[in-house]
Amino acid sequence: MTAVRLLGPFGELRVHAGPLLLDAVGSDPGLDAHLARRGPLPQPTLAALIALTEAGAVRGRGGAGFPLARKLRAAGGGRRPVVVVDAAEGEPASAKDQALLELAPHLVLDGAVVVARALGAREIHLVTPADRGEVRTAVGGALGERRERGLRWHRHEAAPRFVAGQARAVLELLAGREALPVTAWEPEAVRGHRGRPTLLSNAETFAHVAALCRVGPEAYAAHGTPLEPGTTLLTVGACWRDPDRAGARVVEVGHGRWFGEVLDAAEVAGPVLVGGFHGTWVPGADLASLPVSSVALRSRGLTIGAGVVLPLGVTGCPVRRTAEVVDVLARESSGRCGPCRNGLPALSVAVCTLDEGGDTRDRIEQLVTVVTGRGACAHPDGTARLVRSLLSHLGGLVDDHLAGRCACHVVVRPSVAGGVGAGHV
Ligand code: SF4
């Protein structure tokens with residue numbers, strides 16, 4: 001299988017060719033080659049695009065999974081809307097948007113153009129991470145090749161912090177303020193940038209729109225299941241600073257394939273954190289027998305989030321990793337709401353104490369209940385979900401940790417104590 005090597009946030013990033021979005025990995029990403037491969041860009045009306053994205057069950061791929069057709073309906077028909085491509089990729093372990101923008105930038109830009117034209121929008125804002133220079137270069141090159149009449153592109157760079165990709169944080173950035181979440185009383189599709197309806201979605205979502213428009217709903221559906229047509233991008237790999245687990249890969253997987261086909265035997269031998277830093281721990285053997293499907297994962301109390309899958313292996317300690325991640329998340333909030341100002345730092349202390357051998361499980365249960373559902377955004381809920389899954393899905397490993405029997409007590413290596421990956425801790 002063709003794979004291209006890029007420089008990802010945690011070292012080498014291998015991007016594998018896939019069936020729809022990543023079918024041209026290794027080929028010239030320029031506009032002429034892109035059009036020669038895929039043909040001209042269709043331009044459906046708003047009604048046709050809504051029908052198409054409903055048929056393809058296209059959902060936001062930044063973590064929330066909101067149906068795109070509903071956003072299109074809400075944003076269309078009123079004041080002239082604005083389109084925003086969110087590729088801020090604030091989730092430290094995610095690199096799928098980076099892979100798309102470096103290797104298939106015109107697919108993302110095509111999707112934004114289709115949506116903008118259907119809505120009658122005249123401006124498209126594109127938000128990329130300030131700390132990934134290769135993305136900046138790729139996007140600059142791709143935009144320089146395009147000549148859309150009547151459309152203005154605006155570029156923004158988000159600081160590399162966890163909450164910077166949240167929808168309201170992105171709108172703050174567009175307004176010239178720091179990219180931090182704020183309370184909003186209406187969805188951004190109704191009232192967003194400068195009070196206009198704003199169709200904001202993740203970069204991968206726009207790539208799916210462009211692919212779906214070109215291949216049609218039947219061919220798109222052939223890659224997935226009746227409930228979840230098409231494919232999804234996964235970032236599989238390591239943000240753990242562990243030489244055995246350096247690097248990561250981005251793969252495009254048809255919905256309905258098994259995680260056991262996507263991950264290798266060593267990756268499912270230990271616990272896996274599915275859904276990234278706001279995700280859930282699950283024993284690898286359990287994950288291997290589940291399909292790549294947000295519906296199936298949800299029915300098991302799991303979430304795919306932005307498609308981040310982090311295998312820990314058999315030598316890693318999930319208690320230690322959770323303590324490190326919660327420490328990051330407690331410091332990454334905007335510090336405006338009570339659960340983040342008080343609750344997350346207290347939760348971080350309680351999980352660190354657990355890591356140091358103190359049995360703080362009751363205190364942790366108390367704190368995750370207190371912070372859940374009380375923030376202006378989902379940051380406290382996501383952090384609580386991660387910690388709750390440690391206790392509920394990996395309870396036996398927590399017992400082993402407290403009894404001094406777990407991997408971090410048996411295998412002493414400097415790298416294990418090194419913490420979560422570079423640049424985010
Ligand atoms: S919940 Fe936390 S991250 Fe979200 S807006 Fe409030 S303080 Fe900021």
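Trainee: In what order do the four strands of the open sheet run?
Mentor: The order is S5-S4-S3-S6, with parallel pairing; strands pair if DSSP finds at least two bridges between them. Strands here are DSSP E runs of at least two residues, and helices are H or I runs of at least four, numbered from the N terminus. Keep in mind that this is a predicted model: local features need pLDDT of at least 70, side-chain atom pairs count only at pLDDT 80 or more, and totals for chains, interfaces and linings use all residues. Residues are numbered from 1 along each chain as its sequence is written.

Trainee: And which are the edge strands?
Mentor: Strand S5 (152–158) and strand S6 (198–202), each pairing on one side only.

Trainee: How many bridges join S3 and S4?
Mentor: Four, between S3 (residues 82–86) and S4 (residues 123–129). Aspartate 86 has valine 127 in S4 as its bridge partner.

Trainee: New topic: how many residues are in the largest nonpolar core?
Mentor: It has 123 residues, and Val170 and Leu347 have the most contacts inside it. Such a core is a set of buried Ala, Val, Leu, Ile, Met, Phe, Trp, Tyr and Cys residues joined through C-beta atoms within 7 Å; buried means 20 or more other C-beta atoms within 10 Å of the residue's own, with C-beta atoms placed from the backbone.

Trainee: Which helix gives the largest share of this core?
Mentor: Helix H5 (residues 105–119), with 10 residues.

Trainee: What is leucine 347 in contact with?
Mentor: Leaving aside neighbours within four places in sequence, its contacts include Val326, Ile364 and Thr383. Contact means C-beta atoms, placed from the backbone, within 7 Å.

Definitions and conventions
A residue is buried if 20 or more other C-beta atoms lie within 10 Å of its own, exposed if 12 or fewer, and partly exposed in between; C-beta atoms are placed from the backbone. Two residues are in contact if their C-beta atoms, placed from the backbone, lie within 7 Å.
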